[in-house]
Amino acid sequence: MNRKIFGSLVLLILLGSQLLQAQSVRYIRGKVYEIIDNKKEPSTGVNVIISTEQNRLLIGTVTNTMGEYSLKVPAEGAFKVVFSFIGMKPQTFRYTGQTELNVTMQEDAHSLNDVVVTKERQEKSEMGITMREQTSATQKINMDEVVKNLPVSSVEEALQGRMAGVDIIASGDPGAKSSIRIRGTATLNSNADPLIVINGVPYKTNIDDSFNFSTANQEDYADMLNINPYDIESIEVLKDAASTAVYGTSGANGVLLITTKKGVKGNTHFTLSSKETAKIEPAAIPMLNGDQYVAFIQDAIWNTANAQGIANSSGYLKLLFDTPEINYNPGWRYFDEYNANTDWLSYVKQNAIITDNNFSMSGGGDKATYRFSLSQMDEGGTTVGTDLKRITTSLNIGYSFSDKLKVNADFSYSDADKKAPWTTNVRSEALSKMPNKSPFWIDNVTGLPTDNYFTRQNSQEFQGAFDGSSNFHPIIMANESYYNTRQKEEKMTFQLSYDILKGFNYTGYVSMKFNTVKYRSFLPQSATDVTIDNTYANLSSDAYSNNLALQTENKLMYRKNWNNVHNIVATALWRTSQSVSSNYSTEIYGASSAGMSDPVTGGSIRSLQSGNSEVRTLSGITNFNYTFLNRYILNGTLNYEGKSSLGKSNRWGAFPSVGLAWHAQEEDFLKDVTWLDQLKFRTSIGQSGQAPEGTAPYVGTYSSIGQYVTNEAITPSSMQLNKLKWESSTESDVGVDLGLFNNKLTMTFDYYYKYTDDLLQKSVSIPSSTGYSNQGNKISYFNSGAMSNQGWEYRIDYEMFKNDDWIISTNFNINRNINTIESLPENLQESTYTLKNGAYAQKLVPGTPVGSFFGYKYAGVYQNTEETYARDAEGNVMVNLFDQPIVMKNGRYTCYPGDAKYADLNFDGIINEKDIIYIGNSMPLVTGGGGFNVKYKNLSIMTFFHYRLGQKIINKARMDSESMYGTDNQSTAVLRRWRNEGDDTNIPRALWGYGLNYLGSDRFVEDCSFLRLKTLSVSYNVPRKVCKKLYTNSINLFITGYDLFTWTKYTGQDPEVSLPNGITELAYDNAQTPRSKRYAAGITVNF
Amino acid sequence: MKAIQHILLTALLIVACSSCNGWLEVTPQDKQTSDAYWTSQEDVDAVLNSGYLYLRNMTEGTLIPLGELRGGSIFSITSNKLQSFQVKPTDESICNWGSFYQIINIANVVLANAQKAQLKDDTYEDQELKAHYSEAYFLRALSYFYLVRNWRDVPLITTAFEDDSHTYHVAKSPEAEVIKQIKSDILAALATGAAKETYNTTWETKGRATKWSLYALMADVCLWSEDYAEADKFCDFLIHSSVGNAPALLTTPTHAKWFSMFNPGNSNESIFELQWEYQENQTNSLPILFDNLNTSRKYQLSYQLLLDFNSEYSYTQEEQLEAVRSMFGGYYTDDVLTWEAATKGYVWKYCGSQTLSDKRTATYYDPNFIIYRMAEVYLMKAEALVLKSDSKADWQTAIDLINDIRRRSNLEERVFTDDLKEEDMLKMILYERRMELVGEGKCWYDLLRFGRRNHNKYKTTFLVDNVTLYNKQAGESWLISVLSNDDALFLPVCESELKANSLLVQNPYYY
């Protein structure tokens, strides 16, 4: 196929050059004048061109200093001779065989001031349909407004909360992936991200299955659309199946249409903008200091020794008295180092700066336009060791050979360098480190910390040895370990458009995207203090992956209007896409030093991997749009798509959709209602699908498993999956668009219902009786189960007041999505619940939404022995055969005063899985955003709010810091722990690796609803007069505050918590880097 | 107009070429796809070999523990839930039956596809195809026989899982139905008339399915299903075979001759044994697992069995005869010099080298694992004869058969007397099996078969009493209470399997 695409590209180019060929030898010459001070003077530098009737340029020149020109005239055909100069009226003459043609140019009063061309036509979609003719739900954002005043470093950030039905959760670390969900999650395991379409070319953001790096994760790879937000002109979101159908099944999760800026006719414009942003880290959870920690640990061990009984507690007593780390033992060699008072977190967090500089240049003439941009961004992270540097550049060139034939070439390159520590849990490690330990050696003489890290972290140490993920030195980890990702991406698109006949147009493109990612990581031995023969000692890895995506599209479009009575737009297109990927990774340990961390410099190999994959897709799409009397609209689309990852019989899928719209304001009975500008009713229904990823996952394979003595043994290694098919979804949408009072007040309401059937699931378990134990009894994909998403979206925009000086406007949107499992996949396996601390039961019940939490009801702390007695439903104390009261048990642990009290729902005197109930859901009730903008003359103030309401989450970070179970440092909340009867607290007593005092209960499930002032921005346009003096066209200054206020009841650091990828996983707040407050100041100059 | 032509042509070209479905046919580069397999005789051979390989790989982890630990002749020195009868559905490593079904699928796949290969391979003779079928039938029958003996009722799957056209969810079939399938498989294999008597190499003759192994398996299955006349018949096919290359009982009463069954192995007595070969880097841990001095050892003889062996050894010492299957044959002790005082015994079969008391060296850690040999066939016939009828003549023959085994071990012969009852006869046979076949993965199945037959007639005598006598790894009262429940004699269906197969129901004992 490579060759095929190449071939068509070559053909297209040949075609262009052939059109340029001219023939024969005739000349036309002459002189051009202009009137200066009423005198006729020769005019220098005037463009003289000969073109066809269709304005296709054949040959051209400029006049010399004497105002003379001479041109060779092509042999045959009808021509025009055109004279043009900036500031002059262009003049056109029909060529009738003249050999001499003298012209006098006339000044054009308008053109000098009016170089920026206004839009000639109404904007049309890919399928040639105007917004007015649409029957489906879309929303468009003009990026200029958003970007100009806001310190956004990514597209996702710019869109958050602004679009109805688009739910975005951004991450706090620079360059980390955000999750984007359009109208909820409607798929179980396969990709749920929306499709990104840039200038009509779809780009998949996810990576396919064959990528299985031990060292990399999908977040790193798929992150970053690698588009500079400043290069974007507008973003449109397509939500329902009827509108996404045009982009095939890859648009099943919704589509984000990104249009980049293009060059415009006129003088060359330069824009320079520069922005500095300060990120201020929010206050951290207060943790115990050294003394409080030691006291808490001693308390915990003593309580446990008591609970165990004296006979069994010798081990605990030994621990309590013989552990120098938590005792006063001045003779011990590390005494100084374990009697410090360290705030570990303060060493690994910081305030940071974002620098963002942009330059762009654009211009053009009648024939050609261009735009070039260059931007550089450096975003520091609030966790030490994190950083993102990105350079993007793009070039767009448009050229019109004639009125009929136009070509457009787009080129963009981006280079992003993301730095992060080797592990993402630096912060949580810093929080759990014992605060009485010093990060540095203490000088024996002065008693002050030295420059040398104190790295003791072995199995004799109180907190134990490095276990692969925790127990390391957080400061060294933040400063010296690294996990760097360098991503380079080139995108090239060549597009050609030809008007074959009036109303009949051909458009085709060839697009190529080449993406390479390089990962380098290093874990210094000093951070972990493991021995040099340990596989984590100086662990170093090097991985590389690349992907080449090739796409072509050929599109024929026909548009015709009959006296505004009938209007049809018919389109047919054929799209091919091919994606080829390869990767390798090496991992070594025992590298001699950080400087020698390159895998080739030695050490022992820990792992080696490589892989490659290829996916191909073909789709044919036809669209028909009919408008009757300018008010009744019928739209139909059929997508016929085939994908290489499905077997022959199920490879092709047909996905139809149909939509109706009615412009009621056009009706006679509403014609007189002057304040009504638009009343449009829309309805649509459409189907879409999802296919598995990866190189032919359906293919059955055989592979060798060794030898039986001397005979080769070959075994079936994967099953042929002929039944594997498209996951199909049907979505219907009903909507109203309302425009009132000269469109000052606009409203949109949509209701949708999406039913997804044959849910695709990845890596599904099958019974071992099928004989595939060798493969862990798994098949790559399986279709089963159904899910629905329904909801509504409402958006209002209101320009409340407007005069010459003032503009006051506001906007608001609110969205509700309800996700329901309609039928459970027949093979769905819930993880088995075992009664243990911190664990929540996982249940998927048909008819309930996904993301539900199940656990115990927390009822505080047992105050005294009397309270620990089990009670029956009537509240009477239960007694045993000997008439003694039965004491409550948490699992196998008998409850004592100070232990956690859970509701004994079945009144059996024992807390176990039978007492689990539903305690909440991680799906938000409503989400949305809104803003309020005021503009007075040159000053404008913009605010934007984002909210998510009615959502719950497991506050894992709080659980970890209040569990009082192990050696981890705890938050100051545990100072309120129960110690004696009468303590008014809901925090149980401290225990040491014993008891069930922090079972998965509603104690840690919190409401994380929030309303957040996302942005508050003040901007000022310098008056024109001042600009003129500074030889510029415009200057804009702004100050913006980001995430300044958050209203929430949530006790964690940040209520905006990323949702898990897998739908069967529960949502935890694992104390990721919290979003910081940001203050930005910037300037944009146009000249 | 030229331009239009060009554009239309290009568009057409792309449409026409791309529309071919072939372009969407992308196959993984590093694997053999199943639709391109099955083109030659070698392909069929290779798949069958993986069946044997799977079975071989199960020896240490499955065949030995399942066959031995519950019976009590051998116990694991580290705690093991099998020997303490505490297996739970969550003990995946013990009760996951997947590896047996792996072999069954291999057999099913061969039966479904071998003919395809024959169509493409002109050199693939009909006789060879049938021979391959008979091997597949054997592998399937043997696997199901293991399944039935351990789980009793199991899903009966005779179609190949090559693609997803068959449902993954299959309910259990009752024991009798599975047994019926096993028998019909063996008969089908024999009916092909192509089951081999020998292969080109000795190791294949003993390491792959032959006509002889089919006979032995059939006799075993018939004894299990209490079809004694048939069992007797199939034993006779082996014992009275007139074919020159048929396996035959070794009769020379010397240690060297007897021990040659285990080292070097593939003896004339052997019918079917799983093969290892150190020269091909195929070794196993059997010599380590049974070695008294190795720190990785795992198995030891129960004290009662040590006493049994000691008494056989002391007989040969008193009679000044060569010890054959006792010291350095079936067993050896931690204290060879004062063996009477020894407290621990080990299986010598897998550790011993060709010299009497030296162990295999690490290079030779490739002892084979015998599944059927002639001694067992003799004892199976004896068992069949005793149960088939009350005929004294038959019983006399049974005693003769037992004596054939004892004679070559220089042990005193059993004498037939009229007052011997069925129970006494069976006791003799069971004793002989225990001593002769120790460590060969038979003990528990023997106890189970003897105890369950004839509606649990001898359950106490043979099953309960023997387990409590030999198995000291669990309390006697616990053992008695567990064994009293017929369902507890079989393993639970493992948790993951129950989840993955919606039609499965747990063995009631493990609810």
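Visitor: How much area do chain B and chain A bury between them?
Guide: The model is a predicted one, and the size of an interface is often given as the accessible area lost when the parts come together. Carbon and sulfur atoms account for 61% of the area buried between chain B and chain A, and in chain B the residues Trp23(B), Leu24(B) and Tyr168(B) lose the most area to chain A, together 14% of what that side buries. The contact takes 68 residues from chain B and 66 residues from chain A. Between them, the two chains bury about 6,100 Å².

Visitor: Which element gives the most residues to the side of chain B that touches chain A?
Guide: Across this interface the rule finds 27 residue pairs in polar contact, with both residues at pLDDT 80 or more. The elements of chain B that give two or more residues to the side touching chain A include α2 (41–57), α5 (98–120) and α1 (2–18). With 11 residues, the element that gives the most is α1(B).

Visitor: Which residue of chain B forms a salt bridge with Lys648(A)?
Guide: The rule finds 2 salt bridges across the interface of chain B and chain A. In the one formed by Lys648(A), the closest N and O atoms are 3.6 Å apart, which falls inside the cut-off of 4 Å. The partner of Lys648(A) is Glu25(B).

Visitor: Is α9(B) largely enclosed or exposed, and how many of its residues are buried?
Guide: Helix α9 of chain B has 14 residues (211–224), which at 1.5 Å a residue should span 20 Å, and its end C-alpha atoms are 20 Å apart, in agreement with that expectation. Just after α9(B), Glu226(B) takes a positive phi of about 60°. Judged by burial, α9(B) is largely enclosed by the rest of the structure, because the buried residues number 13 of the 14.

Visitor: How many disulfides are there over all chains?
Guide: A disulfide requires two cysteine sulfur atoms within 2.5 Å. The count over all chains is 0; Cys235(B), for instance, is in no disulfide, the nearest cysteine sulfur, that of Cys222(B), being 8.9 Å away. Cys235(B) counts as buried at 0% relative accessibility, and Cys1027(A) also counts as buried, at 1%. The number of disulfides is therefore 0.

Visitor: Which residue's side chain is joined to that of Thr1051(A) by a polar contact of 2.6 Å?
Guide: Thr1051(A) lies in the loop between β51 (1034–1048) and β52 (1077–1086) of chain A, and is partly exposed, with a relative accessible area of 48%. Leaving aside residues up to four places away in sequence, Thr1051(A) touches Asn955(A), Arg958(A) and Glu1006(A). The side chain joined to that of Thr1051(A) by the 2.6 Å polar contact belongs to Glu1006(A).

Note on methods: Residues are numbered from 1 along each chain as its sequence is written. Chains are lettered from A and ligands numbered from 1 in the order in which they are written. This is a predicted model: local features need pLDDT of at least 70, side-chain atom pairs count only at pLDDT 80 or more; totals for chains, interfaces and linings use all residues. Side-chain values use heavy atoms; hydrogens and water are left out. Buried means under 20% relative accessible area, exposed over 50%, partly exposed in between (1.4 Å probe, protein chains only). Helices (H or I, at least four residues) and strands (E, at least two) are DSSP runs, numbered from the N terminus. The expected span of a helix is 1.5 Å times one less than its number of residues. Contact means heavy atoms within 4.5 Å. Buried area is the accessible area (1.4 Å probe) that two parts lose on being put together, summed over both. A salt bridge is a side-chain nitrogen of Lys or Arg within 4 Å of a carboxyl oxygen of Asp or Glu. A polar contact is a pair of N or O atoms within 3.5 Å; within protein, one must be able to donate a hydrogen and the other to accept it, and residues adjacent in sequence count only if both atoms are side-chain atoms.
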